[in-house]
Amino acid sequence: MPAWGILPVTLPAVTISGMWIVYAMALSNNHICPVHNWNYNQSCGLDGPISCCTLDHIPLVSKCGTFPPESCFFSLICSLGSFMVMLVGLLRYAHVIECCGPSLLNTLGLAAGWICAAGLTMVGNFQVDYAKVLHYIGAGVAFPTSMLFVFLQSLLTYRMAKTRGHYWTAHLRSILSTLAFITLVFSGVFFVQESFVLQHVAALCEWIFIINILVFYGTFTFEFGAISTDTFLVLLKASRAPKSYKSDSSTASMPHGHRHSEGLAMV
């Protein structure tokens with residue numbers, strides 16, 4: 001099914017474009033200031049300029065989706081993105097099992113991706129100005145688990161690599177993971193500062209981090225083109241593996257018990 005290769009590319013294409021639409025809507029409604037603005041004021045009076053910017057107007061991704069009507073579209077994009085993250089994570093999990101068999105790294109990657117999707121859903125549906133605690137819990141879940149997901153997938157890519165193209169893909173993912181980690185650290189450090197300039201840098205780092213993660217998901221298109229019906233059969237067998245293991249172990253123990261009973265009869 002080569003069509004599955006379109007899914008990883010669709011995730012960043014839809015989500016990144018949707019985020020920029022939310023940004024444009026918030027900017028047109030004067031709910032945020034543009035990313036190229038570096039001049040901020042302590043407060044804005046009623047007789048001040050329309051473009052007056054304070055800390056409440058820093059273009060953080062969450063701030064872009066705080067007020068209606070852009071908040072509605074922001075929730076839609078986050079919910080759709082969460083579903084696609086779960087689907088891509090599941091297909092990646094099945095593909096790794098099909099190629100290399102069960103792996104702890106693969107299982108951890110699936111768990112990290114799905115937990116990230118849950119956090120992203122909370123971020124999109126609980127706006128920061130109206131449900132700050134829940135919003136920050138969602139962000140605290142989504143950002144670290146997305147970072148864990150890309151690191152695990154980079155390691156898996158190196159382990160599965162057999163050709164030069166595979167190694168180039170692994171190098172690309174390692175670069176994206178490293179850049180995402182650096183921007184995430186800078187975003188977290190600068191976000192808690194009181195300086196307008198540093199908080200603006202935190203907003204830019206947040207945008208770069210999210211775009212990096214989404215581009216990373218897009219790189220799965222190299223492998224997803226090989227997904228077929230057999231991949232789903234492997235996933236189905238993997239979900240039934242514990243049951244079959246128990247039945248195999250029970251049947252394997254039956255001959256031993258039978259021989260033991262025969263030995264007692266002979267005695």
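Which residue just after H1 takes a positive phi? The notes below cover that and the setting around it.

1. This is a predicted model. The protein chain has 10 helices and zero strands. From the N terminus on, its elements run α-α-α-α-α-α-α-α-α-α.

2. Buried residues account for 42% of the 267 residues in the protein chain. The accessible surface is about 14300 Å². Carbon and sulfur atoms hold 71% of that surface.

3. Take the contacts in the protein chain with a separation of 6 or more. Residues 24 or more positions apart make up 75% of them.

4. Helix H1 covers residues 6-28. Its 23 residues should span 33 Å at 1.5 Å a residue, and its end C-alpha atoms lie 32 Å apart, so the two values agree. Just after H1 comes the residue asked about: Asn-30, with a positive phi of about 60°.

5. H1 has a set of buried residues, among them Leu-7, Leu-11, Thr-15, Met-19, Val-22 and Ala-26. An α-helix has 3.6 residues a turn, so residues three or four places apart point the same way. The cover over the buried residues of H1 includes helix H2 (61-64), helix H3 (70-100), helix H7 (196-218) and helix H8 (221-224).

6. Val-128 sits in the loop between helix H4 (104-125) and helix H5 (132-160). Is Val-128 buried or exposed? It counts as buried, because its relative accessibility is 6%, under the 20% cut-off.

7. What does Val-128 touch, leaving aside residues up to four places away in sequence? The contacts are Ser-62, Lys-63, Thr-66, His-135 and Tyr-136. Lys-63 is 65 residues from Val-128 along the chain, yet their C-alpha atoms are separated by 7.2 Å.

Notes: Residues are numbered from 1 along each chain as its sequence is written. This is a predicted model: local features need pLDDT of at least 70, side-chain atom pairs count only at pLDDT 80 or more; totals for chains, interfaces and linings use all residues. Side-chain values use heavy atoms; hydrogens and water are left out. Helices (H or I, at least four residues) and strands (E, at least two) are DSSP runs, numbered from the N terminus. Buried means under 20% relative accessible area, exposed over 50%, partly exposed in between (1.4 Å probe, protein chains only). Contact means heavy atoms within 4.5 Å. The expected span of a helix is 1.5 Å times one less than its number of residues. Accessible areas come from the Shrake-Rupley method with a 1.4 Å probe; for residues, only the protein chains shown count as cover.
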